[in-house]
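Before using this model for further calculations, please go through the points below with the coordinates open.

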Amino acid sequence: MKGDATNKGFDTRAIHAGQAPDPVTGAVSVPIFQTSTYAQHAVGETYGGYEYSRTHNPTRKALEECIASLEGGAYGLAFASGMAAITTLCYLLRPGDHVVLSDDVYGGTYRLFSRVLSRYGIAFDLADLTDPEKAQAAFRPETKLVWLETPTNPWLKTIDIQAVADLAHSRKAWLGVDNTFASPYLQRPLQLGADFVVHSSTKYLGGHSDVVGGLIVLNDADLREQIAFHQNAVGGVPGPVDCFLVLRGIKTLGVRMRQHGANALRVAAFLSEHKAVSRVFYPGLPGDAHHAVARKNTASGGGVEGTAPSEAAIDRAGFGGMVSFIARGGEAVARCMVARTQLFTLAESLGGVESLIEHPGAMTHASLAGSPIEMDPALVRLSVGIEECDDLIADLAQALG
Ligand SMILES: *Cc1c(COP(=O)(O)O)cnc(C)c1O
């Protein structure tokens, strides 16, 4: 079939998977099917299975097929936001179930478990999943789900996905991985044993800071049916324009991730040498405590797929665009510096082509106040974009000066 991308490389599938030319018009770009409902020939006799756009939409279907292909999974499901995706997945849980959450989890995910799901009888514990003994100790007989992000936000710890998948399965629990920071270009958790992958497509997949969205990818047909049931029953679905924007962003995921990784590595090296910075967190730095695990996870990524990836191929794929550091002068210096950059925009969110800077303690992670998750007030987080790297480094130099 024209446009069939099965068995092609990652960068090819990013452009073609689920996106064969439109059979009616030949449109090369997937049309935005801005319709709520679909005509039927006779009662129950549809044109192609489409009845109502909460349930099915062709633009959404293209996105769902594309992300499934990129994550190396059987099924994709699209949602109105990353949080809508995570929430819908959690409808697989029942009162009495227990969840193990990685301790350095996205603030909104922590808020969902601590302030929403806890009211419905779903308990959770935070655990440092970089430490196998602490991970083991967090399980209870009722543990149904383990939830992790790697690299984590904002400390950029990396967790060995395969090791946690084995542990979860030995305890008859599912493993869900929020793959927002790495993207399928850098790691594909299903290949490492995860049961679910979730994305905030607002970030690297969309890539241009112009859309909010979420995705789930999985292999199990029964679980796919249950999640699709809740996708329709609960209704947190994306509109067709948003699906189009995410699809358009995904087309350049590979080239963007390579540039994000190259720029972030140089920025992290620059910060490591700077006297106003006491510590840098970036898993791509060879001396970083998480470098070895980052390489192991990256070996599953679309950026190196095909053969057993060489060390050089892993270095070329890179380690993503997120860098955090501690200002030596403490909170006052951190807050002053994030307001002084000219190219790095002071803003929440991440993963777009433009560089962003923020103060996690007062911004993205403020919802963690009072939680056991540690937040250092001198911590600064960067989302390194794909601008000219010399300009980015000059901007950080003047702001730290
Ligand atoms: C942004 C983000 C989310 C939430 O996604 P939204 O699209 O903002 O709802 C979840 N996980 C991670 C790691 C994120 O960065």
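1. Both faces of strand β8 are covered, with F196, V198 and S200 buried on one side and V197 and H199 buried on the other; buried here means under 20% relative accessible area, exposed over 50%, and partly exposed in between, with a 1.4 Å probe and protein chains only. Because five of the five residues of β8 (residues 196-200) are buried, the strand is largely enclosed by the rest of the structure. Strands are DSSP runs of E of at least two residues, helices are runs of H or I of at least four, and both are numbered from the N terminus.

2. This is a predicted model, in which local features need pLDDT of at least 70 and side-chain atom pairs count only at pLDDT 80 or more, whereas totals for chains, interfaces and linings use all residues. Residues are numbered from 1 along each chain as its sequence is written, and side-chain values use heavy atoms, with hydrogens and water left out.

3. On the pairing of β8, strand β7 (residues 174-178) runs parallel to β8 and is joined to it by three bridges, with D178 standing opposite V198. Strand β9 (residues 214-218) pairs with β8 in the antiparallel sense over five bridges, and here F196 stands opposite L218. Two strands are taken to pair if DSSP finds at least two bridges between them.

4. The ligand is surrounded by 14 residues, of which the closest are G82, D178, S200, T202 and K203; a residue is near a molecule or strand if one of its heavy atoms lies within 4 Å of it. D178, which stands opposite V198 in β8, has a side-chain N or O atom 2.6 Å from a nitrogen atom of the ligand. An oxygen atom of the ligand is 2.7 Å from an N or O atom in the side chain of K203, and a ligand oxygen is 2.9 Å from a polar backbone atom of M83. Taken alone, the ligand exposes 380 Å², and the protein buries 91% of that, the areas coming from the Shrake-Rupley method with a 1.4 Å probe.

5. The structure holds zero disulfides, a disulfide being a pair of cysteine sulfur atoms within 2.5 Å. C243 is buried, with a relative accessible area of 1%, whereas C336 counts as partly exposed at 39%.

Terms used:
Polar contact = N/O pair within 3.5 Å; in protein donor to acceptor, adjacent residues only side chain to side chain.
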